[in-house]
Amino acid sequence: MPPTPPLPYGQRRTRPAWTVAIGALVLVLLAGAAVWWLTRDDDSSPPAGRPRVTDTAAGLSYAVPEGWKSNDGKSLIQAFTSSITTKGPDGHGGAVVLAGRGGPVDESTLRQRTETAARSNAEFFYPDGKSTVEDSRATKVSGRSAYTVVLSTRDDSGRAGRLRLTIVAKSSDQSAFLLGVTESPEPPANREVDAVLASAAVV
C-alpha cells in the first residue's frame, strides 16, 4: 500500500467517535483531580476539630491528634511546660511534642538560635549521635516571626529518629517553642508531629 498522502492545507481528518470520547473522559478526570487537589487534606495540615492544649505558661496552644495523650506538665523537667505523647503501634517507639518558653529572640538571630537549639536537643535525646538538617526555614505563628528546623537523627547504637523544632518570637521579652521528637524516621508519627506544630497558635 502506498503511504497516505498528506492532507491538503485547510482540510481536517475526521476524528473517530472513540477518540472524542477519550478526550472528554480525560478532561473530566483532570477536572476531578483539580478539585481533589484544592480540597484534599494535607498530611501536615493542622488537625481540624481536634481538642487543643492551651499552655498559658508558654503562651501557645496546639492540637492533640487522635490517640495522643496530654500531660499537664507536672512530671516534666523545668525546660518544658506541657506535652502530648503517643506510642508506636507495637508499644515501642512513639513520639512526643513538648512546649516551653524562653527569653527574647531577635528576628535577625532567629535562624541561628533555632538551629543551635535543635542540635542541642538532638544531642540530649540521641546522645553521642549524629543529626542531619532536613529542613530549615522561616515561618509565622499567629502573625509572629518564627523559625522551624527539622533534623534526622541517629545515635551510636543505630537508633534513628526525627526532631522538629519551631521557635516563636512572641514579644520583645519572651519567646516560645514547640519541639517534636519521633523515635522513628518513618510516617505516620512524623506527619502527626508536623501537623501538631503546624497547628500552633499564640494565646
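A: **Salt bridges in the predicted model**

The whole structure contains six salt bridges, each defined as a side-chain nitrogen of Lys or Arg within 4 Å of a carboxyl oxygen of Asp or Glu. This is a predicted model: local features need pLDDT of at least 70, side-chain atom pairs count only at pLDDT 80 or more, and totals for chains, interfaces and linings use all residues. Residues are numbered from 1 along each chain as its sequence is written, and side-chain values use heavy atoms, with hydrogens and water left out.

Side chains of opposite charge can pair when their charged atoms come close.

Salt bridges link Glu 134, Arg 162, Arg 164 and Asp 194 in a network. Start with Arg 162 and Glu 134. Their closest N and O atoms are 3.4 Å apart. Arg 162 sits in strand β8 (residues 160–171) and Glu 134 in strand β6 (residues 130–141), so this pair ties together parts 28 residues apart in sequence. Helices (H or I, at least four residues) and strands (E, at least two) are DSSP runs, numbered from the N terminus.

Burial comes next. Buried means under 20% relative accessible area, exposed over 50%, and partly exposed in between (1.4 Å probe, protein chains only). Glu 134 is partly exposed, at 47% relative accessibility. Arg 162 is buried, with a relative accessible area of 11%.

Arg 162 also forms a salt bridge with Asp 194, where the closest N and O atoms are 3.1 Å apart. This pair links distant parts of the chain: Arg 162 is in strand β8, Asp 194 is in helix α3 (residues 189–198), and 32 residues separate them. Asp 194 is buried, its relative accessible area being 11%.

Asp 194 has another partner, Arg 164, with the closest N and O atoms 3.0 Å apart. Arg 164 lies in strand β8 and Asp 194 in helix α3, so the pair ties together parts 30 residues apart in sequence. Arg 164 counts as buried, at 10% relative accessibility.

Now put the pieces together. Arg 162 bridges to Glu 134 and to Asp 194. Asp 194 bridges to Arg 164 as well. Strand β8 holds Arg 162 and Arg 164. Strand β6 holds Glu 134, and helix α3 holds Asp 194.
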